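Subject: Structure handover

Hello,

Here is the structure I promised to pass on. Please open it alongside this note.

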Amino acid sequence: MKELIGVLIATALLIGATAIFVRAGDRATLVPPPEAVAENFVRESVAKQWSRAAELTSSRDEQLPKELQQRIEARVGEPTRIEAEIVSETADQALVTVRLSSRQGSEAVTFALAFEGEWRVGE
Amino acid sequence: MELWRIAVRALIAYAYLLAMTRLSGKRVVRQATPFDFVIALIVGDLIDDALWAEVSVAKFAGATGSIFVCDALVKMAAFHSRFAFRIVNGRARAMLRDGREDGHQLRAEQMNELDLAHLVRRKGYERWDDIHLALVERDHDSSIILAPGAEPATRQDAGKLREIVQ
């Protein structure tokens, strides 16, 4: 019983501490930074993991990753390299460019992200 | 991604996992069960996502905490119920009984006669006839119980012998 209570307390403390830090303004240490979210979104989309990619968007709409995947496939094929870079960032908004490249060519996609407890891809 | 942010996440994960390990009550790896190893693998994968900021620290805590809560509940059940204990920890199996191997038990442990001979030799015995029971314990260590006539002589045996000689 002691072990169970201890695990619950330690977990609750860590979740609570994360929430406090995020509320205090942390946007990239205890939560994934915007460039990681955008890069992850592209990777999941390319891998056709629609629901996992949609989880990273504000609308949770699976149409967004599907359209992105079709666009990437048409222009780059299967990307061998995916890199994200922050263009601009405020407390609740960020603009991130994700560059994809393959033998077929390269493509850069820019995403606007909004902070909703965690960074989410807007459009 | 800045280095210091990775370091902060690593420190948090380290402190959290240290607390979890201490709470489990184990002091040495030798006390771990095969299922503890499975849990270690799962947590090892979860920590990777947290370190490289693929998930938030709260999600990492939620996922890892759920695993440890399940583990604590299973251990509690095993502590309070003999049936649950057997399911979770397995049971000792007698591979050798009065000098004869038990084929059914050997198959259940995925062992053959050579493995059994190895296990017996490791305990310092050669003749199977001297063995009453050779057990593979639930932690996969082995125990040997000798047949009454094969047990080492005791002080009482020396006394009996002295009486006979006199």
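Predicted model: local features only at pLDDT ≥ 70, side-chain atom pairs only at ≥ 80, totals over all residues.

Chain A

Chain A has four helices and four strands. The C-alpha trace spans about 60 × 35 × 25 Å along its principal axes. Of the 123 residues in chain A, 45% count as buried. I also looked at contacts in chain A between residues at least 6 apart in sequence. Of these, 47% join residues at least 24 apart.

The interface of chains A and B

Chain A brings 22 residues to the contact, and chain B brings 26. The buried area between the two chains is about 2000 Å². Carbon and sulfur atoms give 70% of that area.

Polar links across the interface come next. Seven residue pairs are in polar contact there, with both residues at pLDDT 80 or more. On the chain A side, the elements giving two or more residues are helix 1 (2–23) and helix 2 (34–46). Helix 1 of chain A gives the largest share, 10 residues. By type, the chain A side divides into 13 nonpolar, five polar and four charged residues.

The count of salt bridges between chain A and chain B is one. Glu118(A) pairs with Lys59(B) in a salt bridge, with the closest N and O atoms 3.4 Å apart.

Arg5(B)

This residue deserves a look of its own. Arg5(B) sits in helix 1 of chain B, residues 3–23. Is Arg5(B) buried or exposed? Its relative accessible area is 15%, and the cut-off for buried is under 20%, so Arg5(B) counts as buried. Leaving aside neighbours within four places in sequence, Arg5(B) is in contact with Asp26(A), Ala28(A) and Thr29(A). Within chain B, Arg5(B) forms a salt bridge with Glu2(B), the closest N and O atoms being 3.0 Å apart. Glu2(B) is partly exposed, at 38% relative accessible area.

Other salt bridges

Over all chains the count comes to 12 salt bridges. Some examples:

- Glu83(A) and Arg81(A) meet through their side chains at 2.9 Å, N to O. Glu83(A) is partly exposed, with 41% relative accessibility.
- Arg127(B) and Asp130(B) meet at 3.5 Å, N to O. Arg127(B) counts as exposed at 51% relative accessibility, whereas Asp130(B) is partly exposed at 25%.
- Arg71(A), Arg75(A) and Glu107(A) are joined into one network by salt bridges that share partners.

Ala108(B) belongs to helix 5 of chain B, residues 103–108. Ala108(B) is partly exposed, at 40% relative accessibility. Arg93(B) lies 15 residues from Ala108(B) along the chain, and their C-alpha atoms are separated by 8.9 Å.

Best regards

Methods
Residues numbered from 1 in each chain as written. Chains lettered and ligands numbered in written order. Heavy atoms only, no water. Contact = heavy atoms within 4.5 Å. Buried area = accessible area lost by both parts, 1.4 Å probe. Salt bridge = Lys/Arg side-chain N within 4 Å of Asp/Glu carboxyl O. Polar contact = N/O pair within 3.5 Å; in protein donor to acceptor, adjacent residues only side chain to side chain. Nonpolar A, V, L, I, M, F, W, Y, C, P; charged D, E, K, R; others polar. Buried < 20%, exposed > 50% of the residue type's maximum accessible area, 1.4 Å probe, protein only.
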